[in-house]
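Subject: Model for you to look over

Hi,

Here is the model I said I would pass on. Please open it first, then read my notes below.

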Amino acid sequence: MAPAVLLVAALLYAPFLWTLYLGFHEYDGLRPAEFVGLDNFIRLLDDPALLTSIRNTLMWAVGGTVVPVALGLLIAVLSYGIRGGTWYRLPFLLPYALSGAGLAVIWGFILQSGGAFNDVLEWLGLPGADTRFLLESPQNTLVMIMAFTWQQVGVNALLFMVGLQSIPQEPIEAARLDGASGWRLFRHITWPLLAPLTTVVVGLSLVATLKTFDIVWVTTQGGPGRSSEVLAVTMYRNAFVSHEYGYGSAVALVLTVVAGAVSFGYLRRQLSARRGLA
Amino acid sequence: MIRRLVLIVLGVLWLIPIYLLLVNAFRPPANYDGEQIWTPDPELAFVDNVRAAWDAVGLGPSIAATFLYSAVSPALAVLLGALAGYAIVVLRLRGGFWWFMFIFGGTVFPLQMLLIPLFVSYSEVMLYDTRTGLILIYTAILVPFAAFVMRNFFTGIARSVFEAARVDGASVLRIFLRLYLPMSLPALGAIYILEFTLIWNDLLLGLTLSQSDPVRPIMTTVSALNSAYAGTAIPVVLAAGVFVSLPTVVLFLATQRLFARGLSLGQF
């Protein structure tokens with residue numbers, strides 16, 4: 001008991017409180033920290049890079065949640081109960097085991113100017129064949145969300161598969177006997193039964209995407225010109241590239257508050273909505 | 001029929017990046033140019049490419065270090081988590097629920113809240129850029145999840161097991177080692193596999209707390225190889241990416257359902 005508590009206290013709680021403290025100080029790692037009140041936060045409000053960063057972070061949270069969850073649900077529902085379903089799902093699962101850095105290596109290569117993604121658009125006769133996707137904003141954020149989607153769909157499908165296997169089969173059978181099938185069966189029977197699980201999957205995804213770091217850092221380092229930065233990258237850059245630890249801590253605090261508020265607000269809405277139904 | 005068709009079309013779409021990755025990871029760097037990325041090269045140079053990456057950024061020492069972290073930290077975390085769960089559930093530690101909430105609360109903070117103090121204090125106490133330092137922080141971030149699962153697991157074991165063993169005169173520690181630990185091996189194994197993958201794929205802590213090849217975790221090394229300034233040939237970067245992903249890809253495909261369960265009970 002004691003070792004677990006000590007380890008967690010020393011390496012998780014103490015640093016957390018320290019960052020809280022540093023958020024209101026100016027500190028470069030050499031001279032002693034100097035109390036500056038809210039200056040770091042006021043400076044954030046005037047920082048154009050921070051606004052871009054917040055915009056991108058929200059794009060990540062929304063795009064990186066809605067698309068992968070919807071596609072994951074689609075694949076789970078389509079492949080549920082058909083013969084060889086596991087094999088149909090395999091292509092989506094392969095990417096999930098890759099790390100954020102591995103993902104960035106692959107997609108940095110596909111998305112480079114004149115790379116495979118441009119080729120595909122050209123063959124299909126779609127616009128964007130000449131777009132330098134990683135070099136223009138907000139396209140760079142959008143294509144990275146696409147890469148993330150490619151990785152994330154499989155695990156969402158897996159979660160929904162587990163959900164489909166554990167929901168009661170009687171209502172579905174009954175609806176089938178009454179002649180419901182396809183979309184109507186899904187819309188009126190399966191979807192409501194899956195709702196609690198969907199809440200969890202969306203919640204997990206929101207928390208994770210708000211903290212996106214690896215793929216952005218390895219693909220673009222937040223560039224060019226800080227245009228694809230997200231809050232986690234801004235924090236890292238302020239702290240470990242510019243060595244402004246107080247300012248970096250302030251960004252970390254903003255990220256914590258945003259992530260906390262979003263997940264709290266989301267959960268509360270979902271819970272009250274469900275109580276309304278019951 | 002339509003269901004299968006949609007699945008097949010999407011599946012093929014999903015495999016295209018994998019195809020591109022493999023085809024170009026096997027291509028000799030000399031034959032690589034921007035025009036020919038879609039066709040496989042008759043010459044298979046995967047091993048040479050990995051070797052080139054190995055020499056360029058010290059992949060070897062970095063992989064050795066990462067194996068150490070991914071093997072040791074989850075083992076420590078699982079043991080500490082099991083001990084904590086045992087103390088709370090079986091020994092009925094006073095205020096056990098609050099201790100549990102304290103440990104589990106450790107998962108709430110984003111890593112970003114920890115990085116600066118860790119970096120500053122690690123530099124002070126000479127833990128910066130050491131394997132010990134990384135093992136410590138990895139273990140700390142893994143303990144709450146292990147404690148969470150083990151607490152649930154021990155709750156499911158009948159209390160009479162403990163009481164009978166006490167009556168027979170076994171010590172508390174002996175009961176833990178001889179009875180509870182062996183009983184919970186499946187749960188411990190599941191946590192271990194999930195946490196192994198988590199540590200293997202870490203980038204952020206490695207980036208912040210290490211710099212030299214024998215300490216730096218593998219994803220940090222790969223990202224250095226990938227950076228635009230490194231000037232590494234693309235097939236070499238891709239081959240390195242494939243190579244370092246193999247352990248977790250194999251592990252994940254072998255234990256899919258475990259991951260789904262771990263995910264749905266883990267972070268929430």
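Chain A has twelve helices and two strands. Reading from the N terminus, the order is α-β-β-α-α-α-α-α-α-α-α-α-α-α. Bear in mind that this is a predicted model.

The C-alpha trace of chain A spans about 75 × 55 × 35 Å along its principal axes. Chain A has 278 residues, and 47% of them count as buried. Take the contacts in chain A with a separation of 6 or more: 68% of them join residues 24 or more positions apart.

**Confidence**

The predictor gives the complex an ipTM of 0.85 and a pTM of 0.88. For chain B the mean pLDDT is 86, with 96% of residues at 70 or more. Among the elements of chain B, helix α10 (residues 204-209) has the highest mean pLDDT, at 92. Helix α13 (residues 256-266) of chain B has the lowest, at 63.

**Helix α7 of chain A**

This helix covers residues 139-166 of chain A. α7(A) still has a kink of about 35°, centred on Q152(A). The helix is mostly covered, with 22 of its 28 residues buried.

A157(A) sits in α7(A). Buried or exposed? A157(A) has 28 other C-beta atoms within 10 Å. The cut-off for buried is 20 or more, so A157(A) is buried. Beyond its neighbours within four places in sequence, A157(A) contacts G72(A), I75(A), A76(A), R89(A) and F92(A). G37(A) is another matter: it lies 120 residues from A157(A) along the chain, and their C-alpha atoms are 47 Å apart.

**The contact between the chains**

How many residues does each chain put into the contact? Chain B gives 64 and chain A gives 63. On the side of chain B that touches chain A, helix α1 (residues 2-25) of chain B supplies the largest share, twelve residues. By class, that side of chain B has 46 nonpolar, 16 polar and two charged residues.

**The core and helix α6 of chain B**

The largest nonpolar core has 161 residues. Which of them touch the most other members? They are A4(A), V143(B), A146(B) and A240(B). α6(B) gives the most to this core, with 15 residues.

Helix α6 of chain B runs over residues 131-155. At 1.5 Å a residue, its 25 residues should span 36 Å; the end C-alpha atoms are 35 Å apart, which agrees. α6(B) bends by about 35° at L142(B). A proline, P144(B), follows within four residues. Of the 25 residues of α6(B), 19 are buried, so the helix is largely enclosed by the rest of the structure.

A146(B) is one of the core residues named above. Leaving aside neighbours within four places in sequence, A146(B) is in contact with A77(B), V78(B), L80(B), G81(B) and I191(B).

When you look, I would begin with the kink at Q152(A) and the bend at L142(B). Then turn to the side of chain B that touches chain A, with α1 of chain B as the way in.

Best wishes

Methods: Residues are numbered from 1 along each chain as its sequence is written. Chains are lettered from A and ligands numbered from 1 in the order in which they are written. This is a predicted model: local features need pLDDT of at least 70, side-chain atom pairs count only at pLDDT 80 or more; totals for chains, interfaces and linings use all residues. Two residues are in contact if their C-beta atoms, placed from the backbone, lie within 7 Å. Ala, Val, Leu, Ile, Met, Phe, Trp, Tyr, Cys and Pro count as nonpolar, Asp, Glu, Lys and Arg as charged, and the others, Gly among them, as polar. pLDDT is the predictor's confidence in each residue, from 0 to 100. The expected span of a helix is 1.5 Å times one less than its number of residues. The bend at a residue is the angle between axes fitted to the seven residues ending there and the seven starting there. A residue is buried if 20 or more other C-beta atoms lie within 10 Å of its own, exposed if 12 or fewer, and partly exposed in between; C-beta atoms are placed from the backbone. A nonpolar core is a set of buried Ala, Val, Leu, Ile, Met, Phe, Trp, Tyr and Cys residues joined through C-beta atoms within 7 Å.
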